[in-house]
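Structure first, then my notes.

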Amino acid sequence: MIPDRRVCEIYTSESSGSGVLLTDDLVLTANHVLDGDGVQVRFPSADGGFLDCEVRWRSTELDAAVLRIVDETWVLPALPPLRWGRFVTGLGGTSASAAGFPEWHLPDWAGASGVLEALDPLHLILHVRSWPRLPRADGRSLWRGMSGAALFSEGLLTGLVVADPPESEGGRLTVLRIEALVADPGFVSEVDPPRLEAAEIAALQRRPVPVRTSPAGLLRAEAEVVPFHGRAEELARLREWLDSPAPADVRVLIGPGGQGKTRVARELARRAKEAGWVVAELREDAPAALFERFSDVREKLLVVVDEAEKQRDRLARLAAVLPRGARLLLVARTGGAWLRELAVASEPFAALLPAGWTQTFDGVLFELGPVSGDPRVVFRGAFKAFARSLGLSEISVKMPNQGALRNVLAIHMEALARLLNAVDPAPGADPASILLEHETRHWSRRARAKYGLGDTPAPILRQAVVVATLCTVRRRPGENLVDLLDQVPALAALPAVTMVALAEWITDLYGEAGWQCAAMRPEPLHEHLVGIEIADHPGLLDGVAPLLTERQAGEMLTVLARAGAPVSAGRRRDYRVVIAVAAAVDALIRRFPGRMARPAWFAAGLVEGPAAEPLHAALGALDRTEASAGAFRTIAQGWGTRVALRQRLAAAVRRYPGLIRGLASGVAVVALASPLLLLVPESEAGEPRVLPFRDGVVTVVPPSPYVAPPSRSASPSPSPSPSRSRSASPRRPALSARSALPVRSVAPRVSRSPLAPRPSSPSPVLSPSASPSALPPTASARSSAVPSSSAVPSPSAPSDGRFPVEVDASALTASDVEIRGAAGGTPARLKPGRYQLRTAGIDTDAWFTVTSTGQIDVGSRAEYLRVRHGNRLIVKGVRITIDARELESPKYVVDGITSARTARTPHSVRLLPARYHLRESGSRTSVAFVVTEDAVLGYDPDHAARLSGAGTRTLRFRTG
């Protein structure tokens, strides 16, 4: 990518050439371009004239020069910082582009793109492939005027064009390496260049985080508002690891959320760069296909991977291409199951481990402990840093008790909360709650000032933020922020223009490069917000879950599980939140087993301890049902490497009693018969940590340091008699000797009997507000995607074999819905069979079935068709947003569905899956689009010039 607004043309009385704006007023060009008097520059992007300059530095040996713009009319444009780079590989096939002003292309600039080749220690050759090699009639070079052009690779300034060899006939350009300029003292004194990045791996690096002054933005580790302090011993040990003679090595930096892992990793990376290491801080969505570039790095290489537990498959590919002597630093909360799976599944990763490594990873795990020394010193430094960042001074607050806080983030949150409350008091029982109140005020100010959302209540804004940041939305097909917000119950009645404004507002708050909405940081503060909102609004995610991709569902379940952990950032959570989050996790997985089982399986490997128990309990409940069998088959298909799957299956055989029945038999035999099962430790394949399932109820265990071990029986309990009532509680089987040890348990145990009938209520029934002592020992947990036929009494069979069916289509934009093949009358009387709905004379893809007992079954169409009382069909349709603001006509029409609507604001329509036609008012030409059975948009590729939004629920309509 070429920063074209920095490209400029150089003029003198004798010659002309190209240049690039380095800083506010400094321009880099070739020295030989300056032959003559009266140096001037012109920026085509600024639509201005010629600007007078003076020469500040020049080198005949390097053929480079620096100019300073001295013209009083010069107005600096708002530009992002210019990044500089160097090449650290053999350059084989490395692409680059030069941007300048060849004479044949004036008055505009042109780009010469190609691949690089090393010429000598100071110069490169760019083999141009972007333009044909056509000799000019006058014999002059095709690229005359290109001297002084900047060379860019992966968006980094890497060189300066200084010559066009005549023998190449325009096929090659000679480029001065940027390292040669940085090595010149005169150039450095004038320009003060930034640190050079490795160009070949720039596309893999973490992107800079937008600077935000909200409470959450100030606390982000990447913002580095608080200067790095302490951790000298830990950094010394890590530096010793870097300098060790091992051919290649890995370390895993672990610790609870908020302990300072990211800051320590970033500080190590900074010091490694100063020592001459090539450092890659790998971003989460870096293309794995580019990992091969690491294999060609010829210098000392350190790769840092944050949130490594989420990237197991990518780490396996990364380990296979690391060069000899490379160091891999993984940052994660824990080093348990996910690391063991990776080591067993990936031979290249296992080769990075120390010789004789064991499954405890001695020497590999580097645990970051609490703050050493007096936490008040850390508090004081954080308080001053936050005050300085906010422009505040002369504010004094009470210091916390010595030793009261040992978690770095908890100390920073305490300092920021006290600072903000000294200026603008906000209610809250703890620092996290106080900061979230200030964060909410920040949201409201932005919503009111910039997006016209001043009338939207703060609680509604909180729910929108929670859903968006919990699921996260990338900028890619199939993920759309408006679609998610449309499923939030509190937002359902908002007009389309408000929904679009909400999405833009959230992107402004939490959007990043490549993301419409990223997760809120720091994670413990985000988890605190999620837990509170789930406790206050238990059904918040019910409508969102069916829309999520597998990645989004995994993110959501992982954050939910961590939000239900009894302790976070050194503080104990409200038990009401712990119960509510556990119930929400349980309900989501059991309501949507086909969509949630595999992400839940993945999430269960990322969290450990009490936070993981709701995931295990919900997965254990998927037993002896057709839906759960399909869910386990989904887990088996394509789950990373086969070795990792076998290991997880081994540990799950006794944890999930119905797993073997749920898996396809062939997969089960291959997986469970593998000799790799011998590698699984006994503790992983032992008794589950959740209580046995009892009659479909949620067993709530109050928090306590330890749960007393259950009594043991010398012999197994007999199986229940077949004649025994299904509602009777099955006897508990005998426990092994291992399970008699005290078990750490501070989270609620959410369990369900595999023999219990499927419930019909849409969400768990719990009373999180009750105190632990007031809670009953069991509370019902009911969840189901649609009511089962057994939940509603079937009507007596009519004499004519037809059953009454009521249809309510009032939610649709075009509510004239009919049942194809049904006789007239209200309610319709239908024989058992399958029926199709029609709307506005259009045959839709919405079908339903009348069973032999007169019940309505909508199958997987529960999102746009609902059933009440067994025989009442609620036709909700799919909410589609039509954005026609790029239309030249003032109005548009959806044929047969809407009257003419203004194109100046987005509008929402509720449609059934079918094919529809959209046209400008007054025009006879229409374009067709489709609402698919998966409740997303599609259209013919021939209409892509006029329509966009395929795979989402927002259709953009423009003039062709």
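Below are my entries, one topic at a time.

**Ground rules.** This is a predicted model, where local features need pLDDT of at least 70, side-chain atom pairs count only at pLDDT 80 or more, and totals for chains, interfaces and linings use all residues. Residues are numbered from 1 along each chain as its sequence is written, and side-chain values use heavy atoms, with hydrogens and water left out.

**Confidence.** I checked pLDDT, the predictor's confidence in each residue, from 0 to 100. The chain averages 78, and 78% of the residues score at least 70. Strand β17 (residues 301–305) comes out highest, at a mean of 96, while strand β25 (residues 778–780) is lowest, at 32. I noted that residues 637–650 have a pLDDT below 50, with 39 contacts in the model beyond near neighbours in sequence. Residues 653–795 are below 50 too, and that stretch has 250 such contacts. Contact here means heavy atoms within 4.5 Å. The element names come from DSSP runs, numbered from the N terminus: helices are H or I with at least four residues, strands are E with at least two.

**The sheet.** Which order do the strands of the open sheet take? I read β16-β17-β18-β15-β19, 5 strands with parallel pairing. Strands count as paired if DSSP finds at least two bridges between them. β16 (278–282) and β19 (365–367) are the edges; each has a single partner strand, so one side of each is left without a neighbour in the sheet. From one strand to the next, the twist averages 20 degrees. I also looked at β15 (residues 249–254), which pairs with β19 in the parallel sense over 3 bridges. There, Leu253 has Phe366 of β19 as its bridge partner.

**Helices on the sheet.** Helix α5 (residues 261–274) lies across β15, β16, β17 and β18 (327–332), and runs at about 155 degrees to β16. Helix α6 (residues 312–319) touches β16, β17 and β18, and its direction makes about 175 degrees with that of β17. For these angles, axes are lines fitted to C-alpha atoms (for helices, over the stretch in contact), and values run from 0 to 180 degrees between N-to-C directions.

Is Glu234 buried or exposed? Its relative accessibility is 16%, so Glu234 counts as buried; the cut-offs are under 20% relative accessible area for buried, over 50% for exposed, and partly exposed in between (1.4 Å probe, protein chains only). Glu234 sits in helix α4 (residues 232–242). Leaving aside neighbours within four places in sequence, Glu234 is in contact with Phe366 and Leu368. The side chains of Glu234 and Arg231 make a polar contact of 3.3 Å. A polar contact is a pair of N or O atoms within 3.5 Å; within protein, one must be able to donate a hydrogen and the other to accept it, and residues adjacent in sequence count only if both atoms are side-chain atoms. Arg231 is in the loop between α3 (215–219) and α4, and is buried at 10%.

Most residues other than glycine have a negative phi, and most peptide bonds are trans. Arg231 has a positive phi of about 60 degrees. Glu307, in the loop between β17 and α6, has a phi near 50 degrees. I also found a cis peptide bond between Arg521 and Pro522, with omega about 0 degrees.
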